[in-house]
Amino acid sequence: MCFILLHEFNISTNFKVFPFKWYHLMQASNDLSLGKSSFQWQNPSWRFRSTSATERALQYQAGQKIHGFTVKEVVTVPDLFLTAVKLTHDNTGAQYLHAARDDKNNLFSVQLRTTPMDNTGVPHILEHTVLCGSEKYPCRDPFFKMLNRSLSTFMNAFTASDFTMYPFSTQNGKDFQNLLSVYLDAVFFPCLRELDFWQEGWRLENEKPTDPTSPLVFKGVVFNEMKGAFSDNERVYAQHLQNKLFPDHTYGVVSGGEPLAIPDLSWEQLKHFHATHYHPSNARFFTYGDLPLEQHLKQIQEEALSKFERTEPDTAVPNQPHWDRPREDHVTCSPDAMAPDAAKQNTDTVVVSFRCPSLCSITDTFEGFTLSLLSSLMISGPNSPFYKTLIEPKIGTNFSSVVGYDGSTKEASFSIGLQGMAEEDTEKVKQIIVQTIDEIIANGFEEERIEALLHKIEIQMKHQSTSFGLSLASYIASCWNHDGDPVQLLKISDSVTQFREALKDNPRFLQEKVLHYFKDNTHRLTLSMSPDEAYLEKQVKAEEEKLQKKVQALSESDKKDIYEKGLELLSVQSKIQDASCLPALKVSDIEPTIAVTPVEMGTAGGVPVQYCEQPTNGMVYFRAMCSLNTLPEDLKLYVPLFCSVITKMGCGGLDYRQQAQQMELKTGGMSISTSVNPDYSNMDMYEQGVLLSSSCLERNLPDMFHLWSDIFNSPHFDDEERLRVLVMISAQELANGISYSGHMYAMTRAARSLTPTGELQETFGGMEQVRRGRTMRVWKQRKKYNALLYPQMKYICFLVYLEYQVKFMKRIAEMPDLTQVLRTLPRIKRHILNPLNMRCAVNSTPQKMSDAAGQLDNFMSNVASNKKDRKPVRSDITERPLDSLAAPGSGPSRKLITEPNFKPCQMKTFFPMPFPINFVSECIRTVPFTHEDYASLNILSRMMTAKYLHREIREKGGAYGGGARVGGGLFTFYSYRDPNSVQTLSTFRKSVDWVRSGQFTQQDIDEAKLSVFSAVDSPVAPSNKGMGRFLSGITDELKQAHRERLFAVTDKSLVDVAGRYLGIGQRTCGVAILGPENDIIKKDPSWVVK
C-alpha cells in the first residue's frame, strides 16, 4: 500500500500535477493510467461485433423506470465503443451513469462531493475510517480483508480536493456483487468507531503503549502519511499553489490534511462530516462493462438507496472571486541534496491564469477541450514556444512541477514556470513568460503542430488498455462533480470537429484564447519557492510545540485515560478478527487453466521475429530487444543516457525539432530503455539489453519504420547544447520525488548484493524509468507482462531512484564540455543498434500482419549496413530458446550472461534523508520462477502481508503501508512512510516466526491464493499479449505449470519454505533504510551509512 500522487487525466498530451488526491491504495491496479499523459483506451474490438452489452443498453428508453431509477438519456458513443445510460434515483436524486461496453473488466465507483473548510484532513481521514467496518460487515478492516477474498483487478479509495471516490473493478460477476455490497455498506453505513478514528487519523499515545511512563507522541496512519507527503518539495509547491490561487473556499485548504492541523480534528467532527456529505443526494454512481445494468440498479436500490430520502446537501463550490490585479507570493521548502546544480535551488516560479468571464466552470466541455489542446501547443515538446524560451536557454533544469492546463478544480487554471533555477533569474523568467505569450498572440501555431496533436488524440482513442473503466471514472469525475454533463465529455470526435470548424472560421481562434485567458487576465499568481536550510528543523520544532501544547493541557486523569485507551486499541489490533460475515469467492471459482496466447515465429532480414495477431483496433505495436553482450564494460554506465537521448537528438535529414514533429504526426511514440531480465530458472543468469518500442496507426507503418531506419543509420550526435538540455532534464527528474517511492529505492538497494542483476539494475534502472508521471510508455507496458515473473517491476515503473545514476547524471550535467560524452554515444550505437544482436516482436490485427511483416523486412534491409559480427565481451554466455519446449539451437534464442561464481553477500545500508518518516526493506535470496518452491513463497508473501505484516506495521506501527512480495528470485519485505526503522526489521523477522509456528488456517491460505490469482489473471492488453514470452521466455506452458503449483500449495509447504529460506541462519539477505538521522544505526558498525 502506498501513497500515489495523481496527475489530472486529460485528453491532451500535457498534464498538471494533481496533488490533491490522497490515494488510499489498497491494491496496485494492473495499469493505473490516471497518471499517464494520454487516454488509454481499452477496446477489445473482437467483442465489438457482437455488441451484446451496448445493444442491451440501447433498449432502454428515456423515462423508463428501473428499480427506483428513471432513465434520463441513452446515448451511443461510437468513439469509445460504448452506450451511455444516464439515470436519476427517484427518491434521493442520486445521479447514475452506466457505460455499457463489451469489456469483462467491470468497474463500479461511487463519488461524493466533499468540501472541507479547514486543514484537518477530515475527508481524507473519513475515507480511511469508513473502510474500517460497517453495519452489515462490522469486522475491522473489511476493505483490506476483501483484497484476499476476491479476484478484483483494482480496489481503491481516494480523496481529491473536492470529492472522494471509491472504485473497484473485477472480471468476475459474483465477485462484482460481493464487492458492491461491501462498498455500499462501507460508504453509507460505516461504524465510524472511535478506535478506528484513533488508528487511521491521529491520537495521543505513549511512545511505548504498554509503558505509561514513556512520553506521549502523535500517532496515526494519515498523520504519518501526510508527514511523508509534505516531505516532497514538488507536492509542497503544488499544494501551496492551489491554496493561494483559490484562497476563498475549499481549494484554500489541504483536503488531505496538513500534519500540524490534523490533531485539531475530533471524532465528533468526523461523524458530522459523514452525516452532511455521505448521502445519496450528494452521490454520483458509475458502472462500466458488460454486466447487466438492471442487476446493479437492483442491488444498489435494495442495499442502500431505499433506506434514504432526498436531502439538499450544501456542498456546492462557489466561484472564486476574480482578482482585479495580479498577486505574488513566496514559500520555502527543504534543500534538495540531489539537485543537478546546488547553486540553483529556487525550485519553482510559476505564473498562473484562470477564470476568464467566458469560462466560469470546467463544465464547459468544449472550452476545456480547447484549453487543454492549447496548453499542449504552448508547452509540450521541443517545438513548443515555452520549451524554446524557457528550457533551451538552460535558465532552469526543467518545467515547474505544476505545468499546463488543470481542469481538476471547478475553475480551470494554467501554469507555466521553471524549477532548478537561480534566485536572481526570477524576474528574467517572469519577463520571458510575458514575452512568449505576446509572441504566441502575434504568430500563432504551425498547422502541422496542430495536426500532430489531433493525430495524438486519434492514437489515444485507438489504443487499448486494461483499465479503461477506471480511466473513464477518473476522467469524468471533476466535471461531473460540479454538475457538468459526463456524456458530453466523452464525445471527443464532436469536440475535434467543433475545434476544426472554429479554426476554419477564425484562423486566429487560438491566439484570441491566449489573449483572453493569459494576456488580459488579472487573476494571475506568481509563486516562487526557495530552499530554507532550517526548514526541517522548523517543522520538527513546530510539531514538538504542538505536542507540548496538547500534553500540557492534560490532567493526570486524562493521561491515565490515554494510556488505557492505548491499551484498548492495542488489544483490539492484536485480536484475531472474525471475518465470516464478509462475502468471499472460493478457490474453486478460479479458472484451472490459462487462456493461450498463440504466437508465430518468423524472420525478417535474418532477424528473429515474434508475430502475435491481436484485435489491436487499427494499431501496430513494434518492439525489438537489442543485446548488450558485445558492449565494452567502460561504456555500460552511459547506456541509460544513450537510451534517453537517442530518439531526441535528430536523425537522417531531420533536426531534433523535425524529428519530434514527425514522431507525433506518424507514431504513438518511439522509445528505447534498458532491460535486465533474470532467467526464469537460474538466478545467476540474466539477459542484458535495450528495448525499442513504438506504435502507430496502420496507415503510418512505412513512416514509423522510416524513422527507425534514420535512427539506426544516421542519428545526430553533434549538438552539444541539445545534449546538455536533455541531460539537465533527466538529472532533475532523477532528483525529484524520492519521498514518493522511497520504498522502491530501499527494496532495490537491499537486493543489490543478492543476485548478479542487482548492481546492473541499479546502474540501468534509474534513468528513463524515473519519470514522475512521464515514465516511458515501454515501462508502462512492461509492468504488465512482467508482473508474473517480476512483480516488483510494476512498481519500479513509478520510481527506481538510484544513487549511482543520479550522481553520474549530476556529474555530466555540471561538465563544462560534453565533447567526450558526444564521442561516446556513437560507440554505444555501433554495438546496440546492430541487427545481428536483435530480435523483434509485432502485435497487429490478422488483416494487417502481412503488411507489417513486409514493412519490417524493408526496415531490416534499410539497416543492413549496421550489421557487424562482434565478439561478446564475456565468454560465459548461454543460449535459451524463446520456446521453452524447443531443443537448444532449434530456433530463436535469448543469449544470457552466466555468473557461475557469483557469491551473494549480506549488506545493510542506511541513507539519511530529509524526511520525517522511514522506508524500510529487507530482501532475501530464494529461488527462481520455475523452482517448485516459488509458488509456495508467492502464496506465503501474500498471506504474511494480509495476516501479520499489515496488522503489525500499519495498524500498530502507524506506517502507511507494509508487506512482503516475491519476484526475481527474491523475497522482499518493505514498509512505506513508516515512523519506525529498526523496529520494523524486527517485525519482519517475527513474521517468519509466526508462519513457522503454524498460526494460520486453511481459510488464510485460500485467501492468499485468491489474492495471488487476482494478479496472475489480471487483464493483458492486446498490445502486450505475448510480451512475457518475448522478453523473458515465459511461455504459456511455464505459466500453466506455475498455476498448477499455486493450486497445490499447502500449509506444510508454507511452513517448510519459511524455515528453509527465511529463517535465521538459512538466509542471505540485504537490508536498506531511508529516513531521518538515526543514532542507533550510526552507532552500529554493521551498517553502511551513506
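Predicted model: local features only at pLDDT ≥ 70, side-chain atom pairs only at ≥ 80, totals over all residues.
Let me begin with K394, which at 25% relative accessibility counts as partly exposed, a term for anything between buried, under 20% relative accessible area, and exposed, over 50%, with a 1.4 Å probe and protein chains only. K394 sits in the loop between α11 (385–391) and β16 (398–399), where helices (H or I, at least four residues) and strands (E, at least two) are DSSP runs numbered from the N terminus. Its phi is near 60°, a positive value in a residue other than glycine. Most residues other than glycine have a negative phi.

Residues are numbered from 1 along each chain as its sequence is written, and side-chain values use heavy atoms, with hydrogens and water left out.

R977 also has a positive phi, near 45°, and is likewise not a glycine. R977 belongs to strand β31 (residues 970–978) and is buried, with a relative accessible area of 0%.

Now to the chain as a whole. The protein chain has 37 helices and 33 strands, and buried residues make up 67% of its 1090 residues. Taking the contacts in the chain with a separation of 6 or more, 82% are between residues 24 or more positions apart, a contact being heavy atoms within 4.5 Å.

What about the interior? In soluble globular proteins, nonpolar side chains tend to be buried together. The largest nonpolar core here has 107 residues, and those with the most contacts inside it are M378, F386, F499, F622, W708 and L856; such a core is a set of buried Ala, Val, Leu, Ile, Met, Phe, Trp, Tyr and Cys residues joined through side-chain atoms within 4.5 Å. Helix α10 (residues 365–379) gives the largest share of this core, eight residues. A second, separate core of 88 residues includes V71, F188, F285 and L293.

Leaving aside neighbours within four places in sequence, W708 is in contact with residues including F622, M670, I672, L692 and F859.

Helix α22 (residues 701–713) and helix α30 (residues 846–862) pack with their axes 10 Å apart, at an angle of about 20°, the axes being lines fitted to C-alpha atoms, for helices over the stretch in contact, and the angles running from 0 to 180 degrees between N-to-C directions. That angle makes α22 roughly parallel to α30, the word for angles under 35 degrees, with over 145 being roughly antiparallel, 65 to 115 roughly perpendicular and the rest oblique.

A further pair is α4 (residues 173–188) and α9 (residues 293–303), whose axes come within 10 Å and cross at roughly 30°, so α4 is roughly parallel to α9. On the α4 side the contact involves F176, Q177, L180, S181 and L184, and on the α9 side Q295, H296, Q299, I300 and E303.

I will finish with C923, in strand β29 (residues 918–925), which counts as buried at 1% relative accessibility. C923 and A750 are 173 residues apart in sequence, yet 5.7 Å apart in space, C-alpha to C-alpha. Leaving aside neighbours within four places in sequence, the contacts of C923 include M747, A750, L754, F971 and C1069.
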